[in-house]
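Biologist: Hi! Could you walk me through this one while we both have it open?

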Amino acid sequence: MDGNQASRSMDIVKGIAVSPGVVIGEAVILDRGAHHLKRRYVEPGEADGELQVLETAFKASLEEVRTLRRAATEQLGDETAAIFDWHMGVLGKDRHLRQQIEDLIREERMSAAAAVSQVMHGYKERFLKMKDPIFVERTEDVRDVEQRLIRNLLGDQAEVETRFEKPSIILSYDLTPSQTAQMNTDYVVGLATDVGGLTSHMAIIAHSLHIPAVVGLGSVTSKVKAGDTVIIDGTHGLVICRPNESTLARYREEAEKFRVFELSLKQLRDLPAVTRDGVEVSLLGNIEFPSEARTCMENGADGVGLYRTEYLYLRGNKEPSEEEHIEAYTTALEACDPKPLTIRTMDLGADKYGPLRGAESERNPFLGLRSIRYCLQNLDLFKTQLRAILRVSRLGNVRVMFPLIISLMELRQAKMALGDAMEDLEEEGLEFNRSIEIGMMIETPAAALLARQFAKEVDFFSIGTNDLVQYTLAVDRSNQRVATSYTPSHPAVIRLVRDVLRTAVRMEVSCGVCGEMAGEPVYTLLLLGLGLRQFSMVPGNIPQIKKLIRSTTVKHAERVAARALSFDTDRQVRNYLRDETARLLPEVL
Ligand code: PEP
Ligand code: MG
């Protein structure tokens, strides 16, 4: 009848490899993404069956919402529970909506799921066009009702479940950072999504949790049924649905080889990252959760170069208290002490929304009220975090870093908020490190071009290439449709990185790179040759980057960088860097 009745033979789907490794297991479908269903048609004799399935799905959905409302009334009170009234009205009483869906099934022979999707899509479009924010907010409710109906039509599991009880490979249209953050990662062994790009935040989390993952697969969720055997090949960006025996055997061997390679890298853990001509480099880890600071140390990190604290805000449905911040930072600091812990202030917005800061339907969220902009408009929220960072700074080597700065004014406002927090603590007699190092991320061309001016006002820079690439090239980092244009090999990007590194040396501020580029072996020689001495990355990549650094000389890397800068196209740059890296250490590619 519909998408999940896919052909039962082996199917190989190609996507974007975001987290390496191979895993074989049973598929769990989290969310097929109703809006992603294609218009599908049914045979003339099947329309009645579709109408019947539709009736059942409406009834089941209504019952689900009633149950939700009852539970919400008990736990949160009647006022909050009333948000479900609209859903109940749509599912139980909206004859007009129902009629439109039935007409599409009868007259255009659409499948029930496709008809629901089309009608709900029309509602969303109309709501979005209305200027009143109430209607714009309602689009989330429309999507919720749509997904509930489609799920009941396609017979997927009851609720979007993020707490799994046995090892599972999760397939989903998309995974929001908050869904990923809430997953019981003891049981999630592989991830695959229809949408997403190399540096979407779900990809970063999968990588840091060591879960093989592939994104940007197009329509993998419509090709697999819950319970099908699937292989996730996170190294080559493949998902193999219902593999045959010989493919299974080959991949079991691959999985074993990968395990052995990882083991060999672990042996480098306690050796320094020093080039063959004696230049020492710092390799730091990027973390999203405090417990990962330990993972950094286990991988031989020289500290935490980026702690993405926004995940504290994505887990619960209320703002974290000062004490909760302190607890998280202390846990991370204890794991890395005496090495540095770089705490980046919260970077919500763009593709990271939680219950606290809902998606407010901005037309261009990556250009919207994101990151430091959001903090400066919500000073109380910002100060709670700054106070906590300061209070933990007395316990060890804590650095504070502001994200997405585009102007001196913004930087000064952020520093002023920090100064205010210091004064308050002083008045309250609470201790902190007054000379805490203050840094900023260079993530926009504006910041890169003004690096000289910024250098006078901070202690350190960290180049966030994930955003720098997207803002320099005007390519959404999480959109798989433009993923081939999203590349740090672009000559404009490498020139910006080179210029910032040069300025930092001249102005005597320390400068690292903490975007994914710093952890990709193909860019190690280039970055080393451009003068980078602080690489911050997904902790699991530290050993292989260390191996590369220990295999080369700065002189050689400088030659590679100079040559890379002579090319005009990203493809030339990337091919050249791949060849040079392969010549040095083929196994890291
Ligand atoms: C970056 O933009 O490179 C970065 C490290 O920040 P995030 O990926 O969290 O946006
Ligand atoms: Mg960023």
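**A chat about the model**

Modeller: Happy to, and do keep in mind that this is a predicted model. Let me begin with a loop: Arg109 sits between helix H4 (95-108) and helix H5 (112-129).

Biologist: What is phi of Arg109 like?

Modeller: Phi there is near 55°, a positive value in a residue other than glycine.

Biologist: And is Arg109 buried, exposed or partly exposed?

Modeller: Partly exposed, as its relative accessible area is 38%.

Biologist: OK, what about phi of Ser371?

Modeller: Ser371 has phi near 60°, again positive in a residue that is not glycine. Ser371 belongs to helix H13 (residues 371-377). Its relative accessible area is 0%, so Ser371 is buried, the cut-off being under 20%.

Biologist: Which residues does the cis peptide bond join?

Modeller: Asp337 and Pro338, with omega about 5°. Pro338 is in the loop that runs between helix H12 (322-336) and strand E11 (341-344).

Biologist: Let's switch to the ligand. How many residues surround ligand 1?

Modeller: There are 17, and the closest are Arg308, Arg344, Glu443, Asn466 and Arg477.

Biologist: Which atoms of Arg308 and Asn466 come up against it?

Modeller: For Arg308, a polar side-chain atom is 2.7 Å from an oxygen atom of ligand 1. Asn466 uses its backbone instead, with an N or O atom 2.7 Å from a ligand oxygen. Arg477 also has a side-chain N or O atom 2.7 Å from an oxygen atom of ligand 1.

Biologist: How much of ligand 1 does the protein bury?

Modeller: 100% of the 290 Å² that ligand 1 exposes when taken alone.

Biologist: Nice. Which element gives the largest share of the shell?

Modeller: H18 does, with three residues. Helix H8 (201-208), strand E10 (304-308) and helix H18 (465-473) supply at least two each. By class, the shell has eight charged, five polar and four nonpolar residues.

Methods
Residues are numbered from 1 along each chain as its sequence is written. Chains are lettered from A and ligands numbered from 1 in the order in which they are written. This is a predicted model: local features need pLDDT of at least 70, side-chain atom pairs count only at pLDDT 80 or more; totals for chains, interfaces and linings use all residues. Side-chain values use heavy atoms; hydrogens and water are left out. A residue is near a molecule or strand if one of its heavy atoms lies within 4 Å of it. A polar contact is a pair of N or O atoms within 3.5 Å; within protein, one must be able to donate a hydrogen and the other to accept it, and residues adjacent in sequence count only if both atoms are side-chain atoms. Accessible areas come from the Shrake-Rupley method with a 1.4 Å probe; for residues, only the protein chains shown count as cover. Helices (H or I, at least four residues) and strands (E, at least two) are DSSP runs, numbered from the N terminus. Ala, Val, Leu, Ile, Met, Phe, Trp, Tyr, Cys and Pro count as nonpolar, Asp, Glu, Lys and Arg as charged, and the others, Gly among them, as polar. Buried means under 20% relative accessible area, exposed over 50%, partly exposed in between (1.4 Å probe, protein chains only).
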